[in-house]
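Below is a short briefing on the structure shown here. It goes through the topics one by one.

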Amino acid sequence: MHTIKKIFFLIFATYFEITMKEFSKEVYLKWYEEMTMWRRFEDKCRSLYLKQKIRGFLHLYNGQEAIPAGFTHAMDLSKDSMITAYRCHIHPMAMGVDPKRIMAELCGKATGTSQGMGGSMHIFSKEHRFYGGHGIVGGQIPLGAGIAFGDKYFDRKAVNICFMGDGAVRQGALHETFNMAMNWKLPVVFVCENNGYAMGTSVKRTANHEDIYKLGLGYEMPCLPVDAMDPEKVAEAAYEAIERARRGDGPTFIEARTYRYRGHSMSDAEPYRSKDEVAQYKLEDPIEIVKQRIFDNNWATQEELDALEEKSRAFVEECVEFMEESPYPDANLLYDYVYSTPDYPFINKLENN
Ligand SMILES: Cc1ncc(C[n+]2csc(CCOP(=O)(O)OP(=O)(O)O)c2C)c(N)n1
Ligand SMILES: [Mg+2]
């Protein structure tokens with residue numbers, strides 16, 4: 001952005017007080033209700049998986065809730081977008097996608113976000129600009145930059161938030177993307193959700209240092225770590241990065257330090273960590289942090305919070321009812337979504353042999 005344009009923006013921003021929404025009582029109560037609902041939703045998925053109503057893979061998000069809570073507080077949900085990996089049930093809910101449709105998708109029902117044909121790793125909503133749900137580790141990193149390229153090209157003044165895991169940052173595609181994103185000053189915020197592990201491999205064992213955010217330094221990309229157990233800290237870091245991208249100054253790389261309470265997926269005996277370690281992180285549970293701040297400010301009583309939690313519980317039950325009452329997709333539809341090329345050379349070659 002030209003210097004004059006920048007100065008004009010700063011004067012405009014100061015005059016009209018364009019700053020992030022404040023961390024009010026309403027925001028904290030909303031966070032409490034949402035985060036307890038997200039936690040219950042994931043716990044319910046676990047039990048539906050054990051009943052074989054959810055098949056295939058299932059990656060739960062327990063412990064990481066402060067990240068979507070903080071980011072959506074700082075985003076402009078009327079135009080900004082998100083993309084992430086396969087641990088993807090909660091981000092779209094934070095963006096406004098109906099959790100009932102996500103529950104239906106997880107169980108392969110026709111009312112699901114992808115008509116039941118994507119499943120747990122492929123939640124998607126064009127309407128809410130949530131662009132997946134990607135199973136290839138790191139595959140979404142260049143895609144996020146591509147979305148930002150489109151936003152810049154069409155001058156939409158929108159920002160893409162591109163989430164990835166601590167395992168994904170070891171993919172070569174991250175480096176190609178960081179280079180291009182900085183070169184073209186793309187409006188994207190890269191966020192590594194560092195939950196300590198890539199399946200059973202700890203960050204400690206992955207590289208010679210644990211400061212993932214420093215990967216931005218080689219590209220002179222603004223980069224920083226943030227305590228991602230606290231949604232307020234996440235929102236502050238997110239807002240600064242989003243506004244930098246929006247005014248044309250390019251990407252930021254945020255290392256959101258978090259922890260996952262459940263296993264990598266449903267089939268994980270967790271031999272790589274101790275129960276003590278998990279218990280230690282539960283002392284800084286993001287939901288408890290929100291609860292404590294509500295109490296510290298006398299914004300609600302225990303009974304009022306219990307009532308919000310009950311609302312969350314009842315809503316998750318409604319999601320399950322919606323899913324149970326929904327039909328499976330028509331079997332014939334399967335053929336509509338299989339990509340096939342009649343003259344695909346390799347299959348012919350196999351058949352000829
Ligand atoms: C290219 C590729 N390699 C390997 C895998 C297998 N795999 C699935 S998840 C995963 C770990 C990724 O961990 P991380 O990026 O930290 O995300 P988290 O599961 O912690 O959210 C691996 C190696 C894959 N899906 N894609
Ligand atoms: Mg991880």
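**Overview**

Helix α9, residues 231-246, lies across β3, β6 and β7, and runs at about 170° to β7. The model is predicted. In the protein chain there are 14 helices and seven strands.

**Chain as a whole**

- The radius of gyration of the protein chain is 21 Å, which agrees with the value near 20 Å that a compact globule of 353 residues would have.
- Along its principal axes, the C-alpha trace of the protein chain spans about 65 × 55 × 40 Å.
- Of the 353 residues of the protein chain, 40% count as buried.
- Among contacts in the protein chain with a separation of 6 or more, 75% are made by residues 24 or more positions apart.

**The open sheet**

- Five strands make up an open sheet with parallel pairing, in the order β1-β2-β3-β7-β6.
- The edges are held by β1 (81-83) and β6 (223-227); each has a single partner strand, so one side of each is left without a neighbour in the sheet.
- From one strand to the next, the twist averages 20°.
- Strands of a sheet pair through backbone hydrogen bonds, either parallel or antiparallel.
- Three bridges join β1 and β2 in the parallel sense, and the bridge partner of M82 in β2 is I161.
- β2 and β3 pair in the parallel sense over six bridges; here I161 stands opposite V189 in β3.
- Strand β3 (residues 188-194) is paired with strand β7 (residues 252-257) in the parallel sense, over six bridges.
- In β7, V189 has T252 as its bridge partner, and F190 has F253.
- β6 pairs with β7 in the parallel sense over five bridges, and the bridge partner of L224 in β7 is I254.

- Six of the six residues of β2 are buried, so β2 is largely enclosed by the rest of the structure.
- From β2, N160, C162 and M164 point one way, while I161, F163 and G165 point the other way, and all are buried.
- β7 is likewise largely enclosed by the rest of the structure, because six of its six residues are buried.
- Both faces of β7 are covered: T252, I254 and A256 lie on one side, F253, E255 and R257 on the other, and all are buried.

**Backbone exceptions**

- Most residues other than glycine have a negative phi, and most peptide bonds are trans.
- The peptide bond from G132 to G133 is cis, and its omega is near 20°.
- G133 lies in the loop between α5 (99-106) and α6 (140-153).
- R129 is not a glycine, yet has a positive phi of about 55°; R129 is placed in the loop between α5 and α6.
- R129 counts as buried because it has 21 C-beta neighbours inside 10 Å, the cut-off for buried being 20 or more.
- D155 also has a positive phi, of about 50°, although it is not a glycine; its place is in the loop between α6 and β2 (160-165).
- D155 counts as exposed because it has 7 C-beta neighbours inside 10 Å, the cut-off for exposed being 12 or fewer.

**M93 and its contacts**

- M93 is found in helix α4, residues 90-95.
- With 21 C-beta neighbours inside 10 Å, M93 counts as buried.
- Leaving aside neighbours within four places in sequence, M93 is in contact with W38, P99 and I102.
- M93 and W38 are 55 residues apart in sequence, and their C-alpha atoms are 8.3 Å apart in space.

Notes: Residues numbered from 1 in each chain as written. Chains lettered and ligands numbered in written order. Predicted model: local features only at pLDDT ≥ 70, side-chain atom pairs only at ≥ 80, totals over all residues. Helix = DSSP H or I, 4+ residues; strand = E, 2+ residues; numbered from the N terminus. Rg over C-alpha atoms; globule rule 2.2 N^0.38 Å. Contact = placed C-beta atoms within 7 Å. Pairing = 2+ DSSP bridges. Axes fitted to C-alpha atoms, helices over the stretch in contact; angles between N-to-C directions.
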